[in-house]
Amino acid sequence: MLKCSLCIHDERTAKIDIIDGKPLCRECQVYLKHPLNREAIRRELEELMEKVDRAVIAYSGGKDSTVALYLAKEVYRVPELEAVMVDHGLMAREAIENARRVAEVLEVPFTLLRYDYSDIFREALLKAQSPCRACSKRTMEKLRKYALRNGYHYIITGHELPFGHHPYRVMKDGIIQVRLLSLMPERERLEILKELPFELPELPGYTTNCLVLGPALERYWEVHGHSFEHRRIAALVRYGLMDREKAESEVAKPVVPEGQKKFVYQKLGLDTLFLE
Ligand SMILES: [Zn+2]
């Protein structure tokens, strides 16, 4: 099976061509033709952050948004911040504890909004699809409304820059999402976490907060034979943000602890369908 020589795509997940004697996926071919202007992206982010005086941090209690909170407070020194966590109903308990602890140490007010996204998760598991896009879309919409109600213009998130060329996005009603971790390598994020009271939870899948991801990846693997995170993680490797070995292990079929699986499927009322 052909494997892309730049990222981790192979013939199961992308179209691969031989270019100058080397296998290269279509996404890497586009990237090589239109490379990211890293300097321009960094400058755009710096200029934008100079203007931010008040912001909501989209704070999931996961490692990336924790790093974003740290950067906003300690590096960019945004004068007024509020860390807002949207609990979708199946967050790891450790993530909520991490979130509270880190916000307290950084002296940023912490707000927890609780919702029930069972409909999204149930549908994803039943159809063996990824729940991530629908979940993050709903969360960003909840945060956008929260920002509007409370007079914020900016929402800072722990997103990287997977497929766009700008470190921000203008949302409805003029709210601006700032992707504060644009092009920041994985190892730099881990360095920052070491300085914070953040305990890395043991969860299957590339997550430090979500209980659904593991079971959803497992279901997807069983039906499709690869991870639905393959494309996103391939982009991280392509941009030099994650090394290949780590990426390969992130897209491998996850081993989901029985207890977690049971908890998730029972909570969603799917235990009789999927568990014996
Ligand atoms: Zn590739």
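Is tyrosine 220 buried or exposed? At 16% relative accessibility tyrosine 220 counts as buried, a term that stands for under 20% relative accessible area, with exposed meaning over 50% and partly exposed lying in between (1.4 Å probe, protein chains only).

This is a predicted model, in which local features need pLDDT of at least 70 and side-chain atom pairs count only at pLDDT 80 or more, while totals for chains, interfaces and linings use all residues. Residues are numbered from 1 along each chain as its sequence is written, and side-chain values use heavy atoms, with hydrogens and water left out.

Aromatic rings of Phe, Tyr and Trp (its six-membered ring) pair if their centres lie within 6.5 Å, and their planes count as stacked under 30 degrees apart, edge-to-face over 60 and tilted for the rest.

| Pair | Centres | Planes | Class |
|---|---|---|---|
| Tyrosine 59 and phenylalanine 110 | 6.0 Å | 85° | edge-to-face |
| Tyrosine 220 and phenylalanine 228 | 5.3 Å | 90° | edge-to-face |

Phenylalanine 228 is buried, with a relative accessible area of 16%, and tyrosine 59 counts as buried at 1% relative accessibility.

Arginine side chains also meet rings. Arginine 54 lies over the face of tyrosine 152, at 4.2 Å from the ring centre, and arginine 138 lies over the face of tyrosine 117, at 5.0 Å from the ring centre; a charge sits over a ring if NZ of Lys or CZ of Arg is within 6 Å of the ring centre and within 35 degrees of the ring normal.
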